[in-house]
Amino acid sequence: MKKYLFSIALLALQATLAVAQIMEPVKFTTSCDGKEVVFKAKIDKGWHVYSVCNNEDCSGPIWATLTVNTAEGIELVGTLKAEGKEQTVFDDMFGMDVTYFEDSVTFIQEIKQTKEDYKLDCDLEYGTCNDEMCMPPTKVNCKYESASFTQGKNNGETEESTELWPIFIAGLIGGLLALLTPCVWPMIPMTVSFFLKRNKDKKKAIREAVTYGLSIVVIYLILGLAVTLIFGAAAMNELATNAIANIFFAVLLIVFALSFFGLFEIKLPDSWGNKIDNMATSRSQAAKGKSSLLSTFNSYLSILLMALVLVVVSFSCTGPLIGVLLVTVAASGEILAPTIGMLGFALALAIPFAFFAMFPNWLKAIPKSGSWMNVVKVSLAFIELAFALKFLSVTDMAYGWGILPRTLFIVLWIAIFGAMAIYGIYTIVKSRKALILKLIVTLIGAVITIYLIPGLNGAPLKQVSAFLPPMEQNLNEHHFEDYYVALDAAKKQGKPIFIDFTGYGCVNCRKMEAAVFTNPEVKRLMEEEYIVVTLYVDDRRKDADGTPIGEKWSKLQQEKYGANAQPYYVLIDANETVLTDPRSYDEDIDAFIEFLQKGLGAN
């Protein structure tokens with residue numbers, strides 16, 4: 001026992017020493033009064049903090065820099081300044097003159113409020129050294145916002161909570177489709193009947209069936225959380241245009257589609273389902289023991305395991321739909337997207353089990369399993385092929401390969417949905433069973449096919465614009481894809497600049513281009529009154545010095561305009577002065593015209 005106590009004490013001493021070795025030679029306090037953001041530092045004796053770089057060559061030490069994460073209703077005025085007893089010495093290690101501060105330093109960034117509601121989130125990154133060592137680059141965060149900010153509108157931006165609703169609805173639709181597959185639909189009457197026969201007490205049977213439904217929700221939520229934890233926010237954003245990831249997603253969807261066409265079956269090992277089923281049975285039997293608490297635990301655990309059996313044995317049908325949902329929402333960039341999507345998916349699956357448990361007599365009214373389920377599966381296969389093209393298109397645009405232009409994309413979609421319509425007609429001719437469902441499938445395929453045809457002649461196709469490649473840019477003397485070239489043109493032509501921060505993988509950007517940019521008045525103002533520059537922040541092509549083009553424009557958007565979301569529209573003059581509040585996604589055409597006219601009035 002003494003030996004164990006000694007070991008524990010030794011470990012505690014080691015942990016204490018490890019903490020004592022964590023050095024913090026600089027301590028910051030931050031403040032903001034609406035006019036200035038202030039970072040005030042106290043520096044330990046023997047240490048120094050490097051100043052702001054004021055030279056063209058900013059190599060050498062870690063100079064103090066300010067990074068703006070969010071700036072809404074606030075503009076930066078000038079550049080970051082440093083105040084204190086500044087020292088300039090020649091540093092042998094860097095081979096250059098360096099400027100730093102000892103004892104204390106204050107970094108100040110002047111700001112200006114442009115709206116009543118405002119928000120600022122920024123980081124100061126600095127470097128600090130002593131005569132023997134240097135600390136790694138360190139960041140200090142400062143946040144500042146008005147009390148009413150979260151209650152107001154943010155330049156037309158949609159709050160994160162509302163952006164998750166479409167993902168939840170997409171998950172709900174995916175779950176409803178999965179419900180109609182031959183792996184899940186027959187399980188409803190079987191499972192509900194099992195619970196009703198298992199318990200003579202109807203109330204208890206309903207309670208257990210509801211618990212079964214909740215268990216399904218819990219299992220799929222865990223799956224969504226796992227995807228969230230594995231990828232993380234940064235990785236999800238990277239997925240949006242990463243070539244390997246998008247090609248993998250496309251291949252995955254094609255494999256799932258072929259499975260739904262019946263070429264093969266995607267199936268988890270039978271032993272998995274059998275093993276879980278045996279565990280559920282043993283727990284159910286253990287629930288009949290004497291201890292009421294242990295009995296209750298075993299009873300609910302058996303129900304959870306039964307729900308897991310459903311998830312495993314139905315994978316061949318639900319797997320493709322879950323795959324479509326997860327790969328689509330993971331690439332959206334929303335950190336909670338997989339979890340919210342799985343919540344919608346699970347609720348759609350779970351609610352029918354709980355509902356029919358409450359009203360078992362209604363089970364007689366639901367249609368029996370039959371050939372109609374195969375119609376649903378094959379129809380979903382066509383849709384998965386269409387989604388696969390979307391992922392291939394994003395990669396093609398981001399890397400500039402040019403193998404899947406907009407016209408070819410539309411041709412392939414016409415072929416896919418045309419085939420879907422033909423399949424619907426074929427099933428009707430073959431058999432009149434499930435006639436209404438087959439007519440719906442035929443109608444959906446035919447309507448989408450007919451709608452897409454004008455796109456071959458340049459129609460914007462507003463209803464499906466979010467999935468299509470962007471319309472080809474008509475680059476001319478007033479439309480550019482390089483910020484600095486656009487600045488030169490603005491100076492020569494004496495016009496203001498319309499900056500369009502966009503992305504190849506940006507769904508809302510395509511919606512704006514189809515719904516707003518095609519409006520005659522918007523088009524006239526942009527073409528006649530502005531120099532237009534379109535900057536793709538996810539352009540993976542590299543410029544002359546090897547830097548990805550999109551990375552350059554993304555950095556420009558963040559550092560100059562304090563934003564990192566797309567679409568984002570900024571109006572500036574030839575001196576880079578912002579003419580009016582920027583805008584983001586908002587399909588209000590009148591408001592957008594007013595936005596453009598304000599820029600002209602301020603120029």
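This is a predicted model: local features need pLDDT of at least 70, side-chain atom pairs count only at pLDDT 80 or more; totals for chains, interfaces and linings use all residues.
Local features need pLDDT of at least 70 and side-chain atom pairs count only at pLDDT 80 or more, while totals for chains, interfaces and linings use all residues. Residues are numbered from 1 along each chain as its sequence is written, and side-chain values use heavy atoms, with hydrogens and water left out.

Select aspartate 573, in the loop between strand E15 (568-572) and helix H17 (589-602). Helices (H or I, at least four residues) and strands (E, at least two) are DSSP runs, numbered from the N terminus. Aspartate 573 is buried, meaning under 20% relative accessible area with a 1.4 Å probe and protein chains only; exposed is over 50%, and partly exposed lies in between. Aspartate 573 has no salt bridge (a side-chain nitrogen of Lys or Arg within 4 Å of a carboxyl oxygen of Asp or Glu). The nearest side chain of opposite charge, lysine 491, is 9.3 Å away; Lys and Arg count as positive, Asp and Glu as negative, and His and the chain ends are not counted. Show the backbone nitrogen of threonine 577: the side chain of aspartate 573 reaches that atom at 2.9 Å.

Next, glutamate 576 in the loop between E15 and H17. Its phi is positive, near 70°, and the residue is not glycine. Glutamate 576 is partly exposed at 31% relative accessibility.

Move to leucine 461, between helix H12 (435-452) and strand E12 (479-480). Leucine 461 also has a positive phi, about 50°, and is buried at 5%.

Finish at cysteine 122, buried at 1%. Its sulfur is 5.0 Å from that of cysteine 142, too far for a bond, as a disulfide needs two cysteine sulfur atoms within 2.5 Å. Cysteine 142 is buried at 5%. The count is 0 disulfides.

How values were computed: A polar contact is a pair of N or O atoms within 3.5 Å; within protein, one must be able to donate a hydrogen and the other to accept it, and residues adjacent in sequence count only if both atoms are side-chain atoms.
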